[in-house]
Amino acid sequence: MKYLEEYRDPVAAQQYAEAIHRTVTRPWTLMEVCGGQTHSIVKYGIDEMLPKEIRLVHGPGCPVCVTPLELIDKALQIAEQPDVIFCSFGDMLRVPGSSGDLFKVKAAGGDVRVVYSPSDAVKVAAQNPNKQVVFFAVGFETTAPANAMSVYQARQQGLKNYSVLVSHVLVPPAMEAILGSPNNCVQGFLAAGHVCVVMGYNEYEPIAKKYKVPIVVTGFEPLDLLQGIHMCVSQLEQGRHEVENQYARAVRREGNLTAQELVSRVFRVLPRKWRGIGEIPHSGLGLTPEFAEFDAETKFGVSGYSAPEDPECISGLVMQGAKKPEDCTAYGKRCTPDHPLGAPMVSAEGACAAYYRYRRLRDPELVGIGSNGRG
């Protein structure tokens with residue numbers, strides 16, 4: 001397969017679905033870790049092609065969604081300062097904090113800028129030596145190399161006015177936290193392919209062995225996901241628990257060693273709080289002492305701040321696979337993309353946003369659609 005359309009071939013998709021139907025003999029619950037995978041599953045109705053025995057639940061693989069509330073509040077405090085240019089990817093601007101979002105700060109006169117890479121923020125710092133430039137470094141292992149490179153470049157250029165507000169999280173510890181929960185229902189994982197492009201998948205092997213769960217590194221197109229589901233179900237039916245690589249066109253077992261070396265130099269592993277989930281040990285990245293001068297939390301004196309979550313938002317349960325978006329009483333009513341209670345309703349990778357955009361509510365009176373509930 002060479003072209004994108006071939007990964008969306010409906011005939012091949014139906015063949016994979018039929019193979020899954022032939023393979024499954026009992027109920028299984030699988031979790032796709034990545035929010036991008038969730039959007040593809042809901043957009044293309046992949047979950048509705050599967051036999052009733054296969055239940056897909058959604059994982060915490062949306063970096064915007066798991067950024068804790070207090071870190072959003074810290075971003076707002078920094079961005080409101082008159083000598084600051086606050087740079088971020090666009091998907092962070094509408095994530096709600098305790099008293100607003102970055103769009104609100106921008107509307108009130110704050111210099112909040114959307115950039116398309118952290119290197120753009122470094123250029124802004126070089127062009128504005130009399131301003132403090134802060135980049136909101138959010139993401140999983142996928143974006144860590146680029147964010148690390150921005151810090152490295154800033155030091156190479158002698159930029160004293162550049163810093164990063166770090167909210168990096170790591171996938172394997174989150175998977176272990178889910179598997180170690182007394183309420184865990186997950187029996188197999190579809191691992192995020194883009195994370196494994198950077199980190200490889202050898203670190204998943206001890207998890208598969210310890211918890212006796214199959215883990216299949218999977219891409220994001222419909223055929224990727226259907227093949228990944230088939231591989232995972234085949235392992236479960238055979239009593240195997242191995243790490244397999246469906247996304248072989250992009251992922252190697254060892255990953256990108258050069259990128260890993262840069263990340264380990266600029267960042268160190270530490271505990272990290274996940275929005276709606278709580279603190280997970282060894283699940284985040286922070287700057288190493290060598291690059292501590294680029295830490296925006298320290299520079300602006302906002303470390304140590306905490307904030308309570310909205311009690312009505314069940315995003316933590318959704319991201320742990322315990323609930324679906326439609327199980328939330330506020331979904332589509334008091335929580336919409338225009339007025340979100342939590343990040344999963346506004347993020348481009350959020351499960352709630354995927355359901356709202358592609359599936360809407362099942363109640364036709366609320367959304368003006370047919371009785372089948374599809375928009």
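Predicted model: local features only at pLDDT ≥ 70, side-chain atom pairs only at ≥ 80, totals over all residues.
Residues are numbered from 1 along each chain as its sequence is written, and side-chain values use heavy atoms, with hydrogens and water left out.

Back to the serine. Serine 150 sits in helix α8, residues 144-156 (helices, H or I of at least four residues, and strands, E of at least two, are DSSP runs numbered from the N terminus). Its side chain reaches the backbone oxygen of asparagine 147 at 2.7 Å. Setting aside neighbours within four places in sequence, serine 150 is in contact with Pro118, Ser119, Val122, Tyr162 and Val164 (contact means heavy atoms within 4.5 Å).

Next comes the sheet. Five strands form an open sheet in the order β2-β1-β7-β8-β9, with parallel pairing (two strands pair if DSSP finds at least two bridges between them). At the edges stand β2 (54-61) and β9 (243-245); each has a single partner strand, so one side of each is left without a neighbour in the sheet. From one strand to the next, the twist averages 25°. Strands of a sheet pair through backbone hydrogen bonds, either parallel or antiparallel. Here, strand β7 (residues 188-192) and strand β8 (residues 215-218) pair in the parallel sense over four bridges, and alanine 191 stands opposite valine 217 in β8. Helix α9 (residues 171-179) packs on this sheet and touches β1 (28-34), β2, β7 and β8, while its direction makes about 155° with that of β1 (axes are lines fitted to C-alpha atoms, for helices over the stretch in contact, and angles run from 0 to 180 degrees between N-to-C directions).

Finally, a word on backbone angles. Most residues other than glycine have a negative phi. Lysine 212, however, has a positive phi, near 55°. This lysine lies in the loop between α11 (205-211) and β8, and lysine 212 is exposed, with a relative accessible area of 57%. Histidine 282 also has a positive phi, near 55°, but its place is in strand β11, residues 278-287. At 57% relative accessibility, histidine 282 counts as exposed.

Note on methods:
Polar contact = N/O pair within 3.5 Å; in protein donor to acceptor, adjacent residues only side chain to side chain. Buried < 20%, exposed > 50% of the residue type's maximum accessible area, 1.4 Å probe, protein only.
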